[in-house]
Amino acid sequence: MKHQFMSQRTLYDKVWERHAVRTLPSGQTQLFIGLHLIHEVTSPQAFAWLRERGLRVAFPERTLATVDHIVPTDDQSRPYRDPLAEEMLQAIERNCREFGIRLYQPGSGKQGVVHIIAPEQGLTQPGMTIACGDSHTATHGAFGAIAFGIGTSQVRDVLATQSLALSRLKVRRIEVRGALARGVTAKDLILHILRVLTAKGGVGYAYEFAGEAIHRLSMEERMTVCNMAIEGGARCGYVNPDAITYDYLRGREHAPQGEAFARAVQDWSAIASDPDAAYDDRRVFDAGALEPMITWGISPDQGIGVSEPVPPPEAFPEHERAGVAEAYAYMGVRPGQRLLGLPIDVAFIGSCTNGRLSDLRAAAEVVRRHGGRVKPGVKAFIVPGSEAVKRAAEAEGLHELFLAHGFEWRAAGCSMCLAMNPDRLVGRQLAISTSNRNFKGRQGSPEGRTILASPPMVALAALEGAVSDVRQLLHSSSHAEPHP
Amino acid sequence: MPNRILEVSGRAVPVRGNDIDTDRIIPARFLRCVTFDGLGQHAFADDRAQRRAQGGLHPFDDPRFAGASILLANANFGCGSSREHAPQALARWGIRAIVAVSYSEIFHGNCVAIGVPAVRVSQLDSERLQDLAERAPTLTFTVDLERLEVRASDGTSVPCQLAEGPRRQFLSGSWDALGELLEGLPAVRARAAQLPYLRGFA
Ligand code: SF4
């Protein structure tokens, strides 16, 4: 049995024990939630329940609200053209006013995709429990927090009690050795891990991402990895905090200030998994062996290296082959086919997976080196994950570069990651996207198709009009040095 | 509070396929709403339209399964987005229990929170039950949470699983956790007062 010895605990164990309030009659634990994030889609019904039962919000200062899913990323003037979107925005405004919750609106300078703004403002910190009515809450685990998505009934529970009824997860340590090659990104790493462990392999687990390759990643890259833990079935993913974590947090608005910061670092270091911690499962990966990844199917674990062929049905267990056949048919690909050179219609760079400043810089580097314009007929657009990311990118002139090369430059929001705002695929359009889900219909058309890839791969596909291998560009064009 | 759920009985509707995600259960465009009312009619909207366009019928449109209250699914059902709109849409369509090989964590938790037991059966049994419902759609199925079995009125019976916590919640009528969580509020406040990050790391 694990959890027995104080010296053998994982970060997950320690954070859990620190936040456990009591054992409920069901046997579940009442767990304190340190930070609650809400957005416009999954919260209105929760507030309606509170009103029905005459309840108040127990810790309004521990909840932060923003709007991201429904906001248009082009014309943001109010009222929104979509009356349903306008109604949802008004609902969250009213709810936050009535219950005393901070709301970051478009124009506030702090609005953005919920999983991007909380880290950039220093709200997300090591050792916290974080919940949000959104599955990609796993993103915040990059800081060594236990962060997970919840449903609307649970949003209500957190609002009313700042706690949840939960059962403990198992912990799988995913150790990644070595280092990523040039042109291979954190996105490629997580797509590879998903392919190996499958979309359901993580059910019942928290994923601890560890090892040399993980600790070499920047915080933004770690967020990309943890973000997609949910695509592997894991409820949350995390990285033990280290010097890179502390450097990222130092000086951010809501991070501890002054002397408190030094005390915080001590506490955060102690929360990391012990070297001899006991895990329920362990897996080892080699980062050096990876190439840029693309997905060929309709589940995020249906990924391949960009030079590999689409796998044959025999590569999958028998009971999965019907689903695999469905994926070939939906995507219009054949087993054995290579996707290099496959024409694309839409290129989308953004989302809580890849909508941060370093993602936009990586895309910009590809644009500079390539030097061309977006292929005629291709719609390519770049959506910063937050107003702060947009400001920072514009301060570096990235928007001018993108615009000059034929990309659209938008305002912050979820945009074409999902079909709740005006940015959508049409008909059977094929998109290459830095988002996280290639599900049927995810990007707004019931027949629309999605290839998931990294920001450099998407930028290059936009310029070439087809799926391309970014390594060729990065290795060949030594003449075009990045500027400024 | 005493809203105990010991078993759910009714006709069953099989929806085949692994990894059926919540975007398919309720496409995102129907999430532009501030209440869950009216979601029922949009359950599986795109899958149903697609099946119709191909000249077929999705089980949710098949008159043989009209009025069914038990959904028979396969592996990793409800993966993807955490939207509670998905189980809400199924519940409002008429589903009161789900039988599948496995579920995404969040989807399963959402089902518990709204009082829809979602039990697990083996891969083989999930397909057997689906075959049975297709052959004999008028059979009554029972998901029995006390005995942990799924029965059909022709005598078929297979074991099922449900974690002990949620099982106790259904059997005792405490699947809506809010009441118990509210009782613990003083303890929550005491716990919060000890957390380093709420005390300035002092
Ligand atoms: S960017 Fe996409 S995945 Fe992230 S919160 Fe928005 S819709 Fe969800």
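## Helix packing and aromatic pairs in a predicted model

The axes of helix 2 (residues 44–53) of chain A and helix 5 (residues 152–161) of chain A come within 8 Å of each other, crossing at roughly 55°. Helix 2 of chain A is therefore oblique to helix 5 of chain A. The structure described here is a predicted model.

The crossing of helix 2 of chain A past helix 5 of chain A is right-handed. On the side of helix 2 of chain A, the contact is made by A:Gln45, A:Ala46, A:Phe47, A:Trp49, A:Leu50 and A:Arg53. Helix 5 of chain A contributes A:Thr152, A:Ser153, A:Val155, A:Arg156, A:Leu159 and A:Ala160. By class, this contact of helix 2 with helix 5 of chain A comprises seven nonpolar, three polar and two charged residues.

Aromatic rings form another theme of the model. Over all chains, the count comes to 18 aromatic pairs. A pair of aromatic rings is described by the distance of the centres and the angle of the planes.

| Pair | Centre to centre | Angle between planes | Arrangement |
|---|---|---|---|
| B:Phe44 and B:Phe60 | 4.9 Å | 80° | edge-to-face |
| B:Phe77 and B:Phe107 | 5.4 Å | 85° | edge-to-face |

B:Phe44 lies in the loop between helix 1 (22–25) and helix 2 (45–53) of chain B, while B:Phe60 lies in the loop between helix 2 and strand 3 (70–72) of chain B. The two residues are 16 residues apart, and the pair links distant parts of the chain. Both B:Phe44 and B:Phe60 are buried.

B:Phe77 is placed in the loop between strand 3 and helix 3 (85–93) of chain B and B:Phe107 in helix 4 (residues 105–113) of chain B, so their pair ties together parts 30 residues apart in sequence. B:Phe77 and B:Phe107 are likewise buried.

Finally, ring pairs link A:Tyr246, A:Phe261, A:Trp268 and B:Phe201 into a cluster.

Terms used:
Residues numbered from 1 in each chain as written. Chains lettered and ligands numbered in written order. Predicted model: local features only at pLDDT ≥ 70, side-chain atom pairs only at ≥ 80, totals over all residues. Heavy atoms only, no water. Axes fitted to C-alpha atoms, helices over the stretch in contact; angles between N-to-C directions. Helix = DSSP H or I, 4+ residues; strand = E, 2+ residues; numbered from the N terminus. Parallel < 35°, antiparallel > 145°, perpendicular 65-115°, else oblique. Left-handed = near helix turned anticlockwise from the far one by under 90°. Contact = heavy atoms within 4.5 Å. Nonpolar A, V, L, I, M, F, W, Y, C, P; charged D, E, K, R; others polar. Phe/Tyr/Trp six-rings, centres within 6.5 Å; stacked < 30°, edge-to-face > 60°. Buried < 20%, exposed > 50% of the residue type's maximum accessible area, 1.4 Å probe, protein only.
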